[in-house]
Amino acid sequence: MSEAFLNNWEYLNAELARLDILVQAEVVKCRPLAKDNRLDSFRSLFISEDEVTHLLGTSESDWHVDEVEQLRTRAELMRKEIWSRRQASTEQGVYLSLPQLARIFRLSPFEEDLVLICLAPEIDLKYERLYAYLQDDLTRRLPTVQLALELLCISAEERGQARIHFTRQAILFRSQILRFEGDNHASSLGNGLKLDERISGFVLGTDGMDRGLRACFKASPPPVELDVLRWNESLKTDLLNLTRDYLQHDQKPLHKLIFNFHGLAGAGRKTLAATLCRECGVPLIIVDLREVLRQPHFEDAIRSILREAVLQPGAIYLEHFDLIANDDEGVSRQQLISALEEFSWLTFLSTEKPWAPGGALRQHVYIDVELSAPGLQERTDLWAQLAGNPEGFAPDVSWEDLAVKFRLTPGQINDALVVARNRARLRGKEIITADDLHRGCRAQSNQKLSTA
């Protein structure tokens, strides 16, 4: 049995050593052209052959011994050994990021190699020099489609068949793992290939999240025990069992589970979603669609954001989905649904009113859940529960009176208490009065948008 890799970096170095052999094979193939004085003098202005041999850790004599076919044979033997060690690493629980990326997006070995070629300059700048040399242009430090095909394919027929991996519909570009240089969507041979910043961060163990997209993510609410949530036990049990059964089902990557939690702002939609996910051991990723809609390119932004669901992995909670559900033109809605079908596997849509998807999500499990506002007695109990110690309130404060006058949701009651406490502190008082609470309630009643 092959020896497992010690860690992710040992594995990546082994892959880069194999890439070096493929680069060397391409250098050997190009050397006859360099013997032409016209080309040789042009090349030497940029990167010399001595520098190339130094970067590859070889000598020119090696190139006479190992011809292109022999170098490619050596690279293939290295690949087999690496894959054997990968399997041993998996069995021993050693985390390897590139294989994990391949499993998540179901990449073929060829697609993995494309990622490796684009990742290499992120690890060692020598690859920028080598790519520039092979492309006969010092300014072309990113690998082009042409160079990638030359490195990975032997015949013209192979190169022709492999071009399907560079279309807009191909998994590497559809999932925004690779991009064309300068956001060019055309797949011409001369286009440079760039690894997405977040994917690079994923493979190298850094964050890599685009700063502009960070504002679209919100903190998950604090954990709450399921049994203390205010809804009836049968609803909570049914939702938990449904979620658990789905997560344990083999077909979940193909069929998405999508909940539409709808109810008034502050009804507890987000808290319920977070509690269900915690019970199932799944992180919850909160996405504020208001911020996503502010991004320059909505489709690119939402696909990058929802991709986090499979990278982490975690469930997606789409806050303020009403903004898209009620979009008359429906363009952004279709783009979002397409991204959901591509990436998300467990999704919560948060709306104030129920949303009917029509035939848009026909292939998936779509569950409509109404989370109604609390009744009078429940509001009274919530005031007492959320207020905590009654000694901090004036004697004339009546929870029942507040429940009758203001039909607030749990979230709004909590926010009203925050406003009331802040007013008391501004006066330099520790005791919260009925007037403080009334003003806090009116602030919630007048608020058009609130966090769900």
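Trainee: In which order do the 6 strands of the open sheet stand?

Mentor: This is a predicted model, in which local features need pLDDT of at least 70, side-chain atom pairs count only at pLDDT 80 or more, and totals for chains, interfaces and linings use all residues. Residues are numbered from 1 along each chain as its sequence is written, and side-chain values use heavy atoms, with hydrogens and water left out. Helices (H or I, at least four residues) and strands (E, at least two) are DSSP runs numbered from the N terminus, and two strands pair if DSSP finds at least two bridges between them. The pairing in this open sheet is mixed, and its 6 strands follow the order β3-β5-β6-β7-β4-β8.

Trainee: Which strands stand at the edges of this sheet?

Mentor: An edge strand here has a single partner strand, so one of its sides is left without a neighbour in the sheet.

Trainee: Which residue of β8 is the bridge partner of I258?

Mentor: Strand β4 (residues 257–262) is joined by 6 bridges to β7 (residues 346–351), which runs parallel to it, and there L257 has L346 as its bridge partner. A further 6 bridges join β4 to β8, again in parallel. In β8, the bridge partner of I258 is Y366.

Trainee: Which residues touch the most other members of the largest nonpolar core?

Mentor: A nonpolar core is a set of buried Ala, Val, Leu, Ile, Met, Phe, Trp, Tyr and Cys residues joined through side-chain atoms within 4.5 Å. The largest one has 113 residues, and helix α1 (residues 8–34) gives the most to it, with 12 residues. Apart from it lies another core of 20 residues, among them W399 and I432. Within the largest core, the residues that touch the most other members are L101, F261 and F348.

Trainee: What angle lies between the ring planes of F259 and F261?

Mentor: Rings of Phe, Tyr and Trp (its six-membered ring) pair if their centres lie within 6.5 Å; planes under 30 degrees apart count as stacked, over 60 as edge-to-face and the rest as tilted. By this rule there are 12 aromatic pairs. F259 and F261, both buried, form a tilted pair with centres 5.6 Å apart and an angle between the planes of 40 degrees.

Trainee: How many residues apart are F321 and W355?

Mentor: These two rings form an edge-to-face pair, 5.0 Å centre to centre with 70 degrees between the planes, and both residues are buried. F321 lies in the loop between β6 (315–319) and α19 (322–325), and W355 in the loop between β7 and β8. The pair thus links distant parts of the chain, with a separation of 34 residues.

Trainee: Which residue is joined to the side chain of R307 by a polar contact of 2.6 Å?

Mentor: R307 lies in the loop between α17 (298–306) and α18 (308–311), and it is buried, with a relative accessible area of 1%. Its contacts (heavy atoms within 4.5 Å) include F105, R198 and F343. A polar contact is a pair of N or O atoms within 3.5 Å; within protein, one must be able to donate a hydrogen and the other to accept it, and residues adjacent in sequence count only if both atoms are side-chain atoms. The side chain that makes the 2.6 Å polar contact with R307 belongs to D196.

Trainee: Which residue follows α12 with a positive phi?

Mentor: At the start of helix α12 (residues 197–204), a side-chain oxygen of D196 reaches to within 3.0 Å of the backbone nitrogen of R198. Of the 8 residues in α12, 7 are buried, so the helix is largely enclosed by the rest of the structure. The residue after α12 has a phi near 85 degrees, and it is G205.

Conventions. Buried < 20%, exposed > 50% of the residue type's maximum accessible area, 1.4 Å probe, protein only. Lists of a residue's contacts leave out its neighbours within four places in sequence.
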